[in-house]
Amino acid sequence: MRQLLTLVGLSLGLASAQNPGVLTIRFLDVGQGDAILITSPEGKSVLYDGGRSEPRLQALLRQYGVQSLDLVAASHADADHITGLVPAVTLYRPKFFLNNGLAATTQVWSKLVAAAQKAGTQGLLAKDQTINLGSVKLTVLAPPPGMPRNEQNLNSVGLLVQYGPFRALMTGDSEIPETRAWLKKYPANLLGPIDVYKSIHHGAKNGDHSAWLAAVRPKNVVIGVGPNNYGHPTSEALSLYRKVGATVYRTDQQGTVTVVVQPGGRFAITTEKGGPIPANRPAVGTATPPAPVRPATIPATPAGVGTPYRSCAEARAAGAAPLRRGQPGYSPALDRDDDGVACE
């Protein structure tokens with residue numbers, strides 16, 4: 001893949017909670033949504049997605065001592081991925097906002113764009129490019145040509161994080177057509193093996209699939225998920241992760257999941273709840289690790305699943321909007337333009 005762009009001169013945003021000399025990736029517990037904070041050994045920081053709650057994301061950035069952000073990135077424009085980017089942009093005024101270039105019609109998208117303009121943040125259209133985050137290399141997986149322009153999920157922006165031999169991969173809410181296109185586009189040694197992998201679309205049925213995971217070969221999977229009426233993560237996705245032998249972490253059960261990568265690629269994974277959980281290899285200086293912890297149960301599906309929401313206000317209050325045809329709670333009565341997406 002040709003390197004098209006390298007960012008230089010990113011401001012040195014040293015996070016006080018950051019251990020110098022290591023790469024830290026935090027899969028933040030933002031409820032039903034995704035937000036991943038990446039801090040390089042040099043203190044440069046990137047926020048990939050921001051979850052669906054402004055106060056929650058703001059509190060987490062303060063909790064982890066973030067003092068500046070160099071780049072914010074939206075995998076796509078759904079509310080559970082971009083809402084928290086509004087305070088992130090407002091408070092930290094990052095230089096760049098990486099996105100798929102597809103303007104959404106939602107209020108939160110308009111709010112984010114206005115905040116970025118006010119902060120002087122420059123839009124950065126996703127394309128095949130490499131971004132240098134100090135000693136960490138970020139490879140952007142842009143939406144492949146031919147994806148429907150009105151489908152945000154199918155135009156998710158992926159991010160491959162590399163620090164020495166360590167590799168992490170995040171691909172938003174990509175669905176099968178997009179990952180199939182990526183399989184044709186990228187060489188196998190770019191996509192896998194992956195040390196830490198963010199589950200696609202919170203463990204939905206239409207995200208990860210066997211062919212994709214056979215290429216990615218994830219050793220550890222983190223699912224960004226909270227209470228929801230979609231059934232995330234699905235039994236189908238969890239079964240796929242078990243079949244590839246990955247250790248699974250879930251933010252709804254274990255809180256924020258933190259990956260610390262030492263120079264040379266050795267890494268350890270700890271969680272906010274339940275004490276530290278070892279990665280597949282011990283961190284530098286760590287004694288024999290305890291046995292890996294796997295989630296024992298899948299949370300019960302919330303009551304009322306399948307009952308259509310009576311109004312968009314009710315759906316938004318439940319954190320379920322937008323609703324797509326086929327999802328629990330969807331009603332044609334709420335889909336005013338009959339495009340298959342209600343309460344946009």
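## Helix 4 and its end

Helix 4 is followed by Gly 120, a residue with a positive phi near 75°. This description concerns a predicted model. Helix 4 itself has 13 residues. From its first C-alpha to its last, helix 4 reaches 18 Å, close to the 18 Å expected at 1.5 Å a residue.

The buried residues of helix 4 are Val 108, Trp 109, Leu 112, Ala 115, Ala 116 and Ala 119. Seen down the helix axis, these buried residues fall within an arc of 125°, so they line one face of helix 4. Gln 107, Gln 117 and Lys 118 are exposed on the other side of helix 4. The partners against which the buried residues of helix 4 pack are helix 2 (79-82), helix 3 and strand 5 (96-99).

## Helix 3 against helix 4

Helix 3 spans residues 85-92 and helix 4 spans residues 107-119. Their axes come within 9 Å and cross at roughly 10°. With angles under 35 degrees counted as roughly parallel, helix 3 and helix 4 are therefore roughly parallel to each other.

On the helix 3 side, the contact is made by Leu 85, Val 86, Val 89 and Thr 90. Helix 4 contributes Val 108, Lys 111, Leu 112, Ala 115, Ala 116 and Ala 119. By class, the contact of helix 3 with helix 4 has eight nonpolar residues, one polar residue and one charged residue.

## Helix 1 against helix 3

Helix 3 also packs with helix 1, at an angle of about 50° and with the axes 8 Å apart. That makes helix 1 oblique to helix 3.

Glu 54, Leu 57, Gln 58, Leu 61 and Arg 62 of helix 1 meet Val 86, Pro 87, Ala 88, Leu 91 and Tyr 92 of helix 3. The residues of this contact divide into seven nonpolar, one polar and two charged.

## Helix 8

Ala 237, Leu 238, Leu 240 and Tyr 241 are buried in helix 8. Down the axis of helix 8, its buried residues fall within an arc of 155°, so they line one face of the helix. Arg 242 and Lys 243 are exposed on the other side of helix 8.

The cover over the buried residues of helix 8 includes helix 7 (210-216), strand 12 and strand 13 (247-250). Just after helix 8 comes Gly 245, with a positive phi of about 75°.

## Backbone exceptions

Most residues other than glycine have a negative phi, and most peptide bonds are trans. Asp 49 has a positive phi, near 70°, and is a residue other than glycine. Asp 49 is placed in the loop between strand 3 (45-48) and helix 1 (54-63). With a relative accessibility of 0%, Asp 49 counts as buried. Arg 93 is not a glycine either, and its phi is positive at about 45°. The loop between helix 3 and strand 5 holds Arg 93. Arg 93 counts as partly exposed, at 49% relative accessibility; the cut-off for exposed is over 50%.

Pro 193 lies in the loop between helix 6 (188-191) and strand 11 (194-198). Pro 233 lies in the loop between strand 12 (218-223) and helix 8 (235-243).

## The protein overall

The protein contains ten helices and 17 strands. It has 344 residues, of which 58% count as buried. Of the contacts between residues at least 6 apart in sequence, 64% join residues at least 24 apart.

Notes
Residues are numbered from 1 along each chain as its sequence is written. This is a predicted model: local features need pLDDT of at least 70, side-chain atom pairs count only at pLDDT 80 or more; totals for chains, interfaces and linings use all residues. Side-chain values use heavy atoms; hydrogens and water are left out. Axes are lines fitted to C-alpha atoms, for helices over the stretch in contact, and angles run from 0 to 180 degrees between N-to-C directions. Helices (H or I, at least four residues) and strands (E, at least two) are DSSP runs, numbered from the N terminus. Angles under 35 degrees count as roughly parallel, over 145 as roughly antiparallel, 65 to 115 as roughly perpendicular and the rest as oblique. Contact means heavy atoms within 4.5 Å. Ala, Val, Leu, Ile, Met, Phe, Trp, Tyr, Cys and Pro count as nonpolar, Asp, Glu, Lys and Arg as charged, and the others, Gly among them, as polar. The expected span of a helix is 1.5 Å times one less than its number of residues. Buried means under 20% relative accessible area, exposed over 50%, partly exposed in between (1.4 Å probe, protein chains only). The arc is that of the directions from the helix axis to the C-beta atoms.
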